[in-house]
Amino acid sequence: MVIEKPTKDSELASMAMHIDLPVLQQLPITDILNIRQNYGEAFYNFRNELNSKLIGIDSETDSSAFRRQLETIEYELNNIQVKEVQKEYRKIVRTLKLDALACTGSLIASFTTGGITAVGAATAFVKGISDVGKYYTDVKEHNGLFLWKLNDQASKYEI
């Protein structure tokens, strides 16, 4: 396909086609489109991050230097950003566990003391919801969430 009057977006899309993201070959297109539809903001953030990285190399004339820079972008997307999302996800799980433990402890204490610590349980619950909301927002806005969701879906196909 030849674009007669290339735009910056078409140039970036053409460069993006050279990036090797193994998870895209592992998944059926229907799964990729489903994740793209359900996590549109994550896809948008991923695409913007990818474009910002490609803009820096679009003027590279040396093909070996261009390929090295593409490989660096591939590594960052496939490994670093996906691991950052995984780290944030683990924070959410840890926070949920700790808050559930604090809430349970407060409820048990409230039964034995006659309700004095019920306020503590409610406070722990509200704080837990607040913390989870904050972490979830951080994860939703992360540029690597789209690839993380793709990797998560691909892991379901592994034997």
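**Exercise 1.** Which side chain does a polar contact of 3.1 Å join to that of Lys 53?

*Solution.* The structure is a predicted model, in which local features need pLDDT of at least 70, side-chain atom pairs count only at pLDDT 80 or more, and totals for chains, interfaces and linings use all residues. Residues are numbered from 1 along each chain as its sequence is written, and side-chain values use heavy atoms, with hydrogens and water left out.

Step 1. The partner is the side chain of Glu 49. A polar contact is a pair of N or O atoms within 3.5 Å; within protein, one must be able to donate a hydrogen and the other to accept it, and residues adjacent in sequence count only if both atoms are side-chain atoms.

**Exercise 2.** Determine whether Lys 53 is buried or exposed.

*Solution.* Step 1. Recall the classes: buried is under 20% relative accessible area, exposed over 50%, and partly exposed in between (1.4 Å probe, protein chains only).

Step 1. Lys 53 has a relative accessible area of 19%, and is therefore buried.

**Exercise 3.** State which residues of helix 3 and helix 7 make their contact.

*Solution.* Step 1. Helix 3 and helix 7 pack with their axes 10 Å apart.

Step 1. Contact means heavy atoms within 4.5 Å. Helix 3 contributes Asp 31, Ile 32, Ile 35 and Arg 36, while helix 7 contributes Phe 146, Lys 149, Leu 150 and Gln 153.

Methods: Axes are lines fitted to C-alpha atoms, for helices over the stretch in contact, and angles run from 0 to 180 degrees between N-to-C directions. Helices (H or I, at least four residues) and strands (E, at least two) are DSSP runs, numbered from the N terminus.
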